[in-house]
Amino acid sequence: MSRIAQRFEQLKAQGRTALVPFVTAGDPGPATTVPLMHAMVAAGADIIELGVPFSDPMADGPVIQRATERALAQGVRLADVLEMVRAFRKRDSETPVVLMGYLNPIEIMGYAAFAERAQAAGVDGALIVDVPPEEGHELVTTLKAQGLDLVYLLAPTSTDDRIKRIGGVASGFVYYVSVKGVTGAANLDTADVAEHLARIRSAVELPVGVGFGIRDAETAARVAEVADAVIVGSAIVGRIEALAETPERIPETVAAFLAELRTAIDGAR
C-alpha cells in the first residue's frame, strides 16, 4: 500500500479530511522549498503537492504561472525538484509527496528514468496535467512498476464515461477541479461540488480531493464537509509571492495560514 493510500485510510479512521497544500518547487528560490515543506507538515498538511516548474503551465492561473517563472529564473528543473524531495525525506519519511506538472520534462528525462529517480527520492505519486488516460498507458505502467500513484483530474464537464475511464487507471486519489477554468479562477459553489462528488463516487472507489477556488478557511470548511481532501494552491502561492523579497518569512506565514485551514477543516467534520 502506498503512503498516499495509507494516509487516506488513517484519516478515514479518524473521521478527518485531508489538507493538501500546493506550492511550486523552487519559488521564490531553491533554498525555500524544503523548509517550507516541513513547516506545512507541522501546521497540519497531510499530503504535499509539489509543482514542477514548466514554461507553459496551461492549467494554471496567473498566480501560479508567476511562481513557475520565478522558479525557472532560478534554474529549477525536474532533477532539482527530485533532490528537494530527497532532502525532505531526510527528516520526514511519512508525509506523502505528489509531483504536479506537465509531460514535457518527464519525456526529456525519460519515463523509466523519471520513475526510478522519483521513487528513489521518495516521491509517492504524480499528477501530469496533459496526459489523458487514452494516451497514458506507457506512463501509467512505468510509474506503477515503481510503486508510484498516478493522480488524474476530473472536471465539472467530465462525462460519466470519462469518470469511469479515469477511475479505472487512477491510483492514490482523484482530483476534482471544482470550477471551470484555471487555478485561482471563479468562486466555489459547494452545493454544485457535492452534487458532482456524488456522481464521481458512484463510479470511482478512490478518495476524491477538491481543488481550484479554495481561498480561505470558510471555503475550506465547506468543501471538507463533502470531500476527502481539500487542496489549496493559489491562496498559498499568492502569499509566497507577497514575500518573495523576504523569503525567510515564508515558512512561518504559510504555516499560519494552513493552521487556520486545518482548524476550519477539522471543525467541519
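**Close-up views of a predicted model**

**View 1. The second largest pocket of this predicted model holds about 320 Å³ of space.** The lining of this pocket is made of 16 residues. Those nearest the centre of the pocket are Phe-8, Lys-12, Leu-206, Pro-207 and Asp-228. Helix H1, which runs over residues 3-14, gives the most to the lining, with five residues. By class, the lining residues of the pocket divide into eight nonpolar, one polar and seven charged.

**View 2. The largest cavity holds about 70 Å³ of space.** Two cavities of 30 Å³ or more are counted in the model. Around the largest cavity lie Phe-22, Thr-24, Gly-51, Val-52, Phe-54, Pro-57, Asp-60, Ile-64, Thr-68, Met-100, Gly-101 and Tyr-102, which line the space. Strand S1 (18-24), helix H3 (62-73) and strand S3 (97-101) each supply at least two residues of this lining. The lining has seven nonpolar residues, four polar residues and one charged residue.

**View 3. The second largest cavity holds about 50 Å³ of space.** Its lining consists of Val-52, Leu-78, Leu-99, Met-100, Gly-101, Tyr-102, Pro-105, Ile-106, Phe-114 and Ile-128. Strand S3 and helix H5 (103-109) each supply at least two of the lining residues. S3 gives the most, with three residues. Nine residues of this lining are nonpolar, one is polar and none is charged. Val-52, Met-100, Gly-101 and Tyr-102 line the largest cavity and also line the second largest cavity.

**View 4. Helix H2 (residues 30-42) packs with helix H4 (residues 78-89) at an angle of about 45 degrees.** The axes of H2 and H4 are 10 Å apart. H2 and H4 are therefore oblique to each other. The crossing in which H2 passes H4 is right-handed. On the H2 side, the contact is made by Pro-30, Thr-33, Val-34, Met-37, His-38 and Val-41. On the H4 side, Met-84, Ala-87 and Phe-88 make the contact. The contact of H2 with H4 has seven nonpolar residues, two polar residues and no charged residues.

**View 5. Helix H11 (residues 234-242) and helix H12 (residues 250-268) cross at roughly 150 degrees.** Their axes come within 10 Å. Angles over 145 degrees count as roughly antiparallel, and H11 and H12 are therefore roughly antiparallel to each other. H11 passes H12 in a crossing that is right-handed. From H11, the residues in contact are Ala-235, Ile-236, Arg-239 and Ile-240. From H12, they are Ile-250, Val-254, Phe-257 and Leu-258. By class, seven of the residues in the contact of H11 with H12 are nonpolar, none is polar and one is charged.

**View 6. Asp-27 and Pro-28 are joined by a cis peptide bond.** The omega angle of this bond is about 0 degrees. Pro-28 is part of the loop between S1 and H2. S1 also supplies at least two residues to the lining of the largest cavity, and H2 takes part in the helix contact with H4.

**View 7. Phe-212 has a positive phi value, near 75 degrees, and is a residue other than glycine.** The loop that holds Phe-212 lies between strand S7 (208-211) and helix H10 (217-224).

Definitions and conventions. Residues are numbered from 1 along each chain as its sequence is written. This is a predicted model: local features need pLDDT of at least 70, side-chain atom pairs count only at pLDDT 80 or more; totals for chains, interfaces and linings use all residues. Side-chain values use heavy atoms; hydrogens and water are left out. Axes are lines fitted to C-alpha atoms, for helices over the stretch in contact, and angles run from 0 to 180 degrees between N-to-C directions. Helices (H or I, at least four residues) and strands (E, at least two) are DSSP runs, numbered from the N terminus. Angles under 35 degrees count as roughly parallel, over 145 as roughly antiparallel, 65 to 115 as roughly perpendicular and the rest as oblique. A crossing is left-handed if the near helix is turned anticlockwise from the far one by less than a right angle, and right-handed if clockwise. Contact means heavy atoms within 4.5 Å. Ala, Val, Leu, Ile, Met, Phe, Trp, Tyr, Cys and Pro count as nonpolar, Asp, Glu, Lys and Arg as charged, and the others, Gly among them, as polar. On a 1 Å grid over the protein atoms alone, a cavity is a set of points where a 1.4 Å probe fits but cannot get out, and a pocket is an open set with protein on both sides within 12 Å along at least five of seven lines; lining residues have an atom within 4 Å of a point. Grid points are joined across faces, edges and corners, and a volume is the space filled by probe spheres set on the points.
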